[in-house]
Amino acid sequence: MIQDSAAVTQLTVSVANKLSSKKAVIVHCQSADDDLHGHAVVADSPYSWSFGASIGAGTVFWCRLAFQDKRLGFTAYNVNDRYYVTDHEVYDDGVYGNYVGTAKRIQIAEWH
């Protein structure tokens, strides 16, 4: 099937380490088609990736994070969400972000 290139939007998603300990967090993100593998993300440094998102393709990326004995998981991007976050920040109590095009800051996930 040939996709209409006008229907594909190029997006960049990032996960930035804002932990107060300044230690690295392990970030492992993937979609149904692409495994981005684990990355040690150091303090105040973002890990990011770019991709072409198409509504018809159903693009979804999810991430799992590990820090010391804590774990969390969240959907980093879902093409079907009306409002979505592309810039994620990891803090001591979880992951936060702002919906694209708004100033509404939300907590996306908590550590377990």
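Trainee: Why does N78 count as buried?

Mentor: The relative accessibility of N78 is 18%, and buried means under 20% relative accessible area (1.4 Å probe, protein chains only), so N78 counts as buried. The model is predicted, with local features needing pLDDT of at least 70, side-chain atom pairs counting only at pLDDT 80 or more, and totals for chains, interfaces and linings using all residues. Residues are numbered from 1 along each chain as its sequence is written, and side-chain values use heavy atoms, without hydrogens and water.

Trainee: Where is the place of N78?

Mentor: N78 belongs to strand β6, residues 70-78; a strand is a DSSP run of E with at least two residues, numbered from the N terminus.

Trainee: Which residues is N78 in contact with, leaving aside its neighbours within four places in sequence?

Mentor: They are T59 and V60, where contact means heavy atoms within 4.5 Å.

Trainee: What does the side chain of N78 reach at 2.9 Å?

Mentor: The side chain of N78 reaches the backbone nitrogen of N80.

Trainee: Which residues have the most contacts inside the largest nonpolar core?

Mentor: They are V25, V27, W49, F51, L65 and F74, in a core of 26 residues. Such a core is a set of buried Ala, Val, Leu, Ile, Met, Phe, Trp, Tyr and Cys residues joined through side-chain atoms within 4.5 Å. The strands β1 (8-17), β2 (25-30), β3 (35-41), β4, β5 and β6 each give two or more residues to this core.

Trainee: What does V27 touch, not counting residues up to four places away in sequence?

Mentor: V27 touches V15, H37, G38, H39, V41, Y47, R64 and L65.

Definitions and conventions. Helix = DSSP H or I, 4+ residues; strand = E, 2+ residues; numbered from the N terminus. Buried < 20%, exposed > 50% of the residue type's maximum accessible area, 1.4 Å probe, protein only. Polar contact = N/O pair within 3.5 Å; in protein donor to acceptor, adjacent residues only side chain to side chain.
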